[in-house]
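Visitor: I'm new here and would like to learn how to read this one. Could you walk me through it?

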Amino acid sequence: MIPAFRADGYLPVGVHLASEAELTIRFGSTSARRRRLVLRVRRWIELARQVGALRLLIDRSFVTEKLDPDDVDAAILLPQEFPQQIRRGTDAALELEQMLLTRRPEELFGAEDETDWDQWLEFFSRTRESDGRSKGLVEITL
């Protein structure tokens, strides 16, 4: 379960596991902007599942208390066989590769291994505030 926000509007420090349904209800229904952003996230979840991604992290103002978030960022830990899926022409892998290569949408980042994943986790664990304070993130249960 995703915990309550801290007084500063961020989630408590840590990685909080959530289902697609929980993410949608908690973060994707309170404003028109949130409803648009959650559609993007749900597509990323669908693609992640289709390619057998290992993990999917959701971040930025989408997972804050902000009524109209500026954006949603995500990092996806790609499966080891992802390059083979691309060579085989698997539709989901090709679509995901296109997103990652063209940076469209620009908010989706790929991690090829655990080292990459850990770097994204560290990057997203800090706010963009001047003090760079730590905050919580949401990981989707795939």
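Guide: Let's begin with a term: a nonpolar core is a set of buried Ala, Val, Leu, Ile, Met, Phe, Trp, Tyr and Cys residues joined through side-chain atoms within 4.5 Å. Buried means under 20% relative accessible area, exposed over 50%, and partly exposed in between (1.4 Å probe, protein chains only). This is a predicted model, where local features need pLDDT of at least 70, side-chain atom pairs count only at pLDDT 80 or more, and totals for chains, interfaces and linings use all residues. Residues are numbered from 1 along each chain as its sequence is written, and side-chain values use heavy atoms, leaving out hydrogens and water.

Visitor: Which residues touch the most other members of the largest nonpolar core?

Guide: Those are Leu23, Ile58, Phe62, Leu96 and Val138, out of 32 residues in that core. Helices (H or I, at least four residues) and strands (E, at least two) are DSSP runs, numbered from the N terminus. The largest share of this core, eight residues, comes from α2.

Visitor: What about the backbone?

Guide: Most residues other than glycine have a negative phi, and most peptide bonds are trans. Here, the peptide bond from Arg104 to Pro105 is cis, with omega near 5 degrees. Pro105 sits in the loop between α4 and β4 (108–111).

Visitor: Where is Arg60, and is Arg60 buried or exposed?

Guide: Look in the loop between β2 and β3. Arg60 has a positive phi of about 75 degrees, though it is not a glycine, and counts as buried at 8% relative accessibility. Arg103 also has a positive phi, near 60 degrees, but is partly exposed at 35%.
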